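Select each stop as you read.

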Amino acid sequence: MGVIVKEIEAADTWGLRHRVMWPEKSIDYVKLDEDKDGVHFGLFNDERLVSVISLFITGKEAQFRKFATDSIVQGNGYGTKLLQHVLLVAQQNKVETIWCNARVDKASFYKRFGLVETDQKFNKGGIDYVMMQKTLAS
């Protein structure tokens, strides 16, 4: 079957979010109240869910959140393919600016897609984050 990206339910993202992002916390820590308002995507490799991301569009602006790729397959391009898909979906929905709160140690990954760091930084759960954004061509 190979690699495919498809829309999934929010609940289908929670297990991978939990294992990759916050395994030491309860699974409720990775559930968002806003999940009901988002569009959630999963990348499947031979029918196995290996990467997830959630997109929240508000008017001409969008945020992607809870982007996680299974640690045993990181570095194989799955996250790249999934983020490229989300950027395309955002453009198709006439989004002008897309942004995320990136873990500082992952900022270089997002820079490869044209996202730039802003001066908005914060710490959550002992992890440093920076807001990154990109203007999309219309």
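Keep in mind that the model is predicted.

**Stop 1: strands 2 and 3**

Select residues 39–45, which make up strand 2, and residues 48–58, which make up strand 3. The two strands pair in the antiparallel sense. Seven bridges join them. Now pick Val 39 and look across to strand 3. Which residue stands opposite Val 39? It is Leu 55.

Move on to the turn of this hairpin. Two residues sit between strand 2 and strand 3. Click Asp 46. Its phi is positive, near 50°.

**Stop 2: on to strand 4**

Strand 3 and strand 4 run antiparallel, with seven bridges between them. Find Ile 57 and then Ala 62 in strand 4: these residues stand opposite each other.

Strand 3 and strand 4 form a hairpin too, with two residues between them. Select Gly 59 in the turn. Gly 59 has a positive phi of about 65°.

While the strands are on screen, show their side chains. In a regular strand, side chains alternate between the two faces of the sheet.

**Stop 3: the largest pocket**

Select Phe 67, Ala 68, Arg 103, Lys 106 and Tyr 110 together. Of the 32 residues that line the largest pocket, these lie nearest its centre. The pocket has a volume of about 790 Å³.

Strand 4 gives the largest share, seven residues.

Next, colour the lining by class.

**Stop 4: salt bridges**

How many salt bridges does a search of the whole structure find? The search finds six. Visit three of these pairs.

Begin with Glu 34 and Arg 65. Their side chains meet in a salt bridge at 3.4 Å, N to O. This pair links distant parts of the chain, 31 residues apart. Glu 34 is in the loop between helix 1 and strand 2, while Arg 65 is in strand 4. Glu 34 counts as partly exposed because its relative accessibility is 36%. Arg 65 has a relative accessible area of 24%, so Arg 65 is partly exposed as well.

Now select Lys 36 and Asp 37. They form a salt bridge, with the closest N and O atoms 3.7 Å apart. Are these residues buried or exposed? Both Lys 36 and Asp 37 are exposed.

Then go to Lys 111 and Glu 117. The closest N and O atoms of this salt bridge are 3.1 Å apart. Lys 111 is partly exposed, at a relative accessible area of 45%. Glu 117 is partly exposed, at 36% relative accessibility.

**Stop 5: Asp 119**

Finish in strand 6, where you will find Asp 119. Why does Asp 119 count as exposed? Its relative accessibility is 72%, and exposed means over 50%.

Last, draw a distance from Asp 119 to Met 132, C-alpha to C-alpha. The two residues are 13 apart in sequence and 8.9 Å apart in space.

Methods. Residues numbered from 1 in each chain as written. Predicted model: local features only at pLDDT ≥ 70, side-chain atom pairs only at ≥ 80, totals over all residues. Heavy atoms only, no water. 1 Å grid on protein atoms, 1.4 Å probe; cavity = no way out; pocket = protein on both sides within 12 Å on 5 of 7 lines; lining within 4 Å. Points joined across faces, edges and corners; volume = space filled by probe spheres on them. Helix = DSSP H or I, 4+ residues; strand = E, 2+ residues; numbered from the N terminus. Pairing = 2+ DSSP bridges. Buried < 20%, exposed > 50% of the residue type's maximum accessible area, 1.4 Å probe, protein only. Salt bridge = Lys/Arg side-chain N within 4 Å of Asp/Glu carboxyl O.
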